[in-house]
Amino acid sequence: MRLSARVDYALRAAAELAAASGGPVTAEQLARAQAIPGKFLENILTQLRRAGLVRSQRGPVGGYWLARPASEISLADIIRAVDGPLANVRGERPEHVDYDGAARSLQQVWIALRASERAILETVTLENVATSKLPESVRTLAADPEAWAS
């Protein structure tokens, strides 16, 4: 899986919003906290707002905050908002690609890959990331990446 800079920045900014207690956080504060280019971050925050994940308010007491509790926003939600579907092949859902001959089983591999990504990205929330309380399955896999193969 390849994560774009846009996704990386979006996840980091969203984690900062999840960790923020109280009122709105400015784009400048988010950019400074995570060393994200300001203009790039503003575009990302606009995408997150349009996806209904972030709210914003203009003015001297303005800024951004999560539109839902951090425990209800998965990493997959953020990724889809800024980069589209988790796994696609040439812009198509894995179920819609078709191969012939020796490559026929690749479709099953792409479907399994997406299911594996979803198993992690849909269960880890912004709250998990912001509080460093990742699900046990993620901690186990991170501690021993080869464990899944056994």
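Me: Why is Ala35 called exposed and not buried?

Reply: Ala35 has a relative accessible area of 64%, and the classes are set so that buried means under 20%, exposed over 50% and partly exposed in between, with a 1.4 Å probe and protein chains only, so Ala35 counts as exposed. The model is a predicted one, in which local features need pLDDT of at least 70 and side-chain atom pairs count only at pLDDT 80 or more, while totals for chains, interfaces and linings use all residues. Residues are numbered from 1 along each chain as its sequence is written, and side-chain values use heavy atoms, with hydrogens and water left out.

Me: What makes the phi of Ala35 worth a remark, and where is Ala35 found?

Reply: Phi of Ala35 is near 55 degrees, which is a positive value in a residue other than glycine. Ala35 is found in the loop between helix 2 (27–34) and helix 3, where helices (H or I, at least four residues) are DSSP runs numbered from the N terminus. Ser132 likewise has a positive phi, of about 60 degrees, although it is not a glycine, and Ser132 sits in the loop between helix 6 and helix 7 (136–143).

Me: Why is helix 1 called roughly perpendicular to helix 3?

Reply: The axes of helix 1 (residues 5–19) and helix 3 (residues 38–50) come within 10 Å and cross at roughly 75 degrees. Axes here are lines fitted to C-alpha atoms, for helices over the stretch in contact, and angles run from 0 to 180 degrees between N-to-C directions. Angles under 35 degrees count as roughly parallel, over 145 as roughly antiparallel, 65 to 115 as roughly perpendicular and the rest as oblique, and therefore helix 1 is roughly perpendicular to helix 3.

Me: Which residues make the contact between helix 1 and helix 3?

Reply: With contact taken as heavy atoms within 4.5 Å, helix 1 contributes Ala5, Arg6, Tyr9, Ala10 and Ala13, and helix 3 contributes Phe40, Leu41, Asn43, Ile44, Gln47 and Leu48.

Me: What makes Tyr9 and Phe40 an edge-to-face pair?

Reply: The structure holds 1 aromatic pair, and its rings, those of Tyr9 and Phe40, are 5.3 Å apart centre to centre with 85 degrees between the planes. Rings of Phe, Tyr and Trp (its six-membered ring) pair if their centres lie within 6.5 Å, and planes under 30 degrees apart count as stacked, over 60 as edge-to-face and the rest as tilted, so the Tyr9 and Phe40 pair is edge-to-face. Tyr9 is buried, with a relative accessible area of 17%, whereas Phe40 counts as partly exposed at 27%.

Me: How do you know that Asp8 and Arg12 form a salt bridge?

Reply: A salt bridge is a side-chain nitrogen of Lys or Arg within 4 Å of a carboxyl oxygen of Asp or Glu, and the side chains of Asp8 and Arg12 meet at 2.8 Å, N to O. Both residues lie in helix 1, 4 residues apart, about one turn of the helix.

Me: Why are Arg80, Arg118 and Glu122 described as linked in a network?

Reply: Glu122 meets Arg80 in a salt bridge of 2.5 Å, N to O, and Glu122 also forms a salt bridge with Arg118, the closest N and O atoms being 3.1 Å apart, which gives a network of salt bridges linking Arg80, Arg118 and Glu122. Glu122 counts as partly exposed at 31% relative accessibility, and Arg80 is partly exposed at 32%.

Technical notes: Helices (H or I, at least four residues) and strands (E, at least two) are DSSP runs, numbered from the N terminus.
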